[in-house]
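Dear colleague,

Please find below the structure that I am handing over to you. My notes on what was found in it follow directly after.

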Amino acid sequence: MELDGARVLITGASSGVGAATARAMAGTGARLVLAGRDRKRLEAVAAETGGQAVVADITTDARGLARRAGPVDILVNNAGEGWAGPFTRMPPDRLTGLVSVNLTAPIELTRLLLPGMIEANRGHIVFVTSIAGAIGVGREAVYSATKAGLAAFAEALRDELRESRGIGLSVVLPGVVDTPFFERRGAPYDRSWPLPVPPERVARGIVTSIRRDRPESFVPGWLRLPARLRGAAPGAFRRLMRCFG
Ligand SMILES: NC(=O)c1ccc[n+]([C@@H]2O[C@H](COP(=O)([O-])OP(=O)(O)OC[C@H]3O[C@@H](n4cnc5c(N)ncnc54)[C@H](OP(=O)(O)O)[C@@H]3O)[C@@H](O)[C@H]2O)c1
């Protein structure tokens with residue numbers, strides 16, 4: 001779908017991947033609606049990109065956000081949070097919070113905005129998930145589950161919408177991205193490999209997914225290999241993970 005003239009809602013636009021996506025779309029002719037909670041950071045991105053800032057918590061006010069944003073042609077479900085540590089030590093409020101922001105809220109926003117797209121025979125929805133959802137990462141069990149759930153939702157919805165002309169769905173699966181994500185989750189990224197990619201690279205992946213109507217994009221692209229191996233030969237995948245972690 002072309003960005004020129006499209007009204008685009010990006011969640012999580014006040015930081016990281018969302019802010020980079022807003023910058024990548026600025027100047028394309030897209031009319032940007034940028035959502036986040038931190039007014040100061042959000043308004044700075046809006047001023048830089050010519051977008052409209054809408055301050056909203058997607059876990060408590062998806063309906064208010066959809067009303068203020070809509071109707072939109074493109075929805076980028078990007079806002080999300082992480083949590084890392086042993087599953088049995090995960091505080092219950094972090095568990096429900098993670099499910100709420102990473103899974104329930106994007107599904108709810110989709111429920112609110114998709115009917116307008118179907119009526120217009122025109123629309124595209126991007127789901128920013130994670131490689132963690134495709135392979136399952138230890139100490140990130142609930143995070144992995146929310147991202148796998150969102151990818152399954154997108155796949156099922158794609159099947160349901162196969163008769164609806166003009167509606168595209170893309171899942172974008174980043175690996176490790178250099179954003180405040182790790183600091184916010186309270187656990188720094190401490191592996192030496194793979195190296196984090198800049199958020200601008202994921203933003204380019206999102207823009208290309210929309211323009212070329214790509215169902216699935218890994219960023220960086222080589223991450224499709226472990227994901228495919230996990231699907232095709234799970235035993236071999238687990239053995240490799242034990243060796244190379
Ligand atoms: N960084 C990585 O390595 C990585 C890897 C794979 C996937 N991802 C995914 O990429 C997406 C973007 O993450 P990021 O790396 O850009 O992280 P980030 O810099 O921490 O940005 C997260 C964004 O989500 C917003 N957000 C969080 N909770 C929200 C809520 N309840 N309501 C509204 N907005 C909320 C934040 O808004 P405020 O700041 O305004 O609160 C912020 O704009 C996430 O879905 C994440 O899971 C990240």
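Phe182 has a relative accessibility of 14% and therefore counts as buried; buried means under 20% relative accessible area, exposed over 50%, and partly exposed in between (1.4 Å probe, protein chains only). Please note that this is a predicted model, in which local features need pLDDT of at least 70 and side-chain atom pairs count only at pLDDT 80 or more, while totals for chains, interfaces and linings use all residues. Residues are numbered from 1 along each chain as its sequence is written, and side-chain values use heavy atoms, with hydrogens and water left out.

Aromatic rings

Tyr189, with a relative accessible area of 22%, is partly exposed. The structure holds 5 aromatic pairs. The ring centres of Phe182 and Tyr189 lie 5.4 Å apart with the planes at 45°, so this pair is tilted. (Rings of Phe, Tyr and Trp, the last by its six-membered ring, pair if their centres lie within 6.5 Å; planes under 30 degrees apart count as stacked, over 60 as edge-to-face and the rest as tilted.) One aromatic cluster is formed by Tyr143, Phe181, Phe182 and Tyr189.

Nonpolar cores

A nonpolar core is a set of buried Ala, Val, Leu, Ile, Met, Phe, Trp, Tyr and Cys residues joined through side-chain atoms within 4.5 Å. The largest one has 46 residues, of which Leu9, Leu65 and Leu109 touch the most other members. Among the elements that give two or more residues to this core are strand E2 (31-36), helix H4 (92-120) and helix H6 (141-160); helices (H or I, at least four residues) and strands (E, at least two) are DSSP runs, numbered from the N terminus. H4 gives the most to this core, with 8 residues. Apart from this core lies another, of 28 residues, including Ala30, Leu32, Leu42 and Val45.

Helix H1

Which residues of H1 are buried? They are Gly16, Val17, Gly18, Ala19, Ala20, Thr21, Ala22 and Met25. This helix (residues 16-25) is thus mostly covered, with 8 of its 10 residues buried. The cover over these buried residues includes strand E1 (7-10), E2, helix H2 (39-49), strand E4 (74-77) and helix H8 (199-212), where contact means heavy atoms within 4.5 Å. Just after H1, Gly27 takes a positive phi of about 90°.

Yours sincerely
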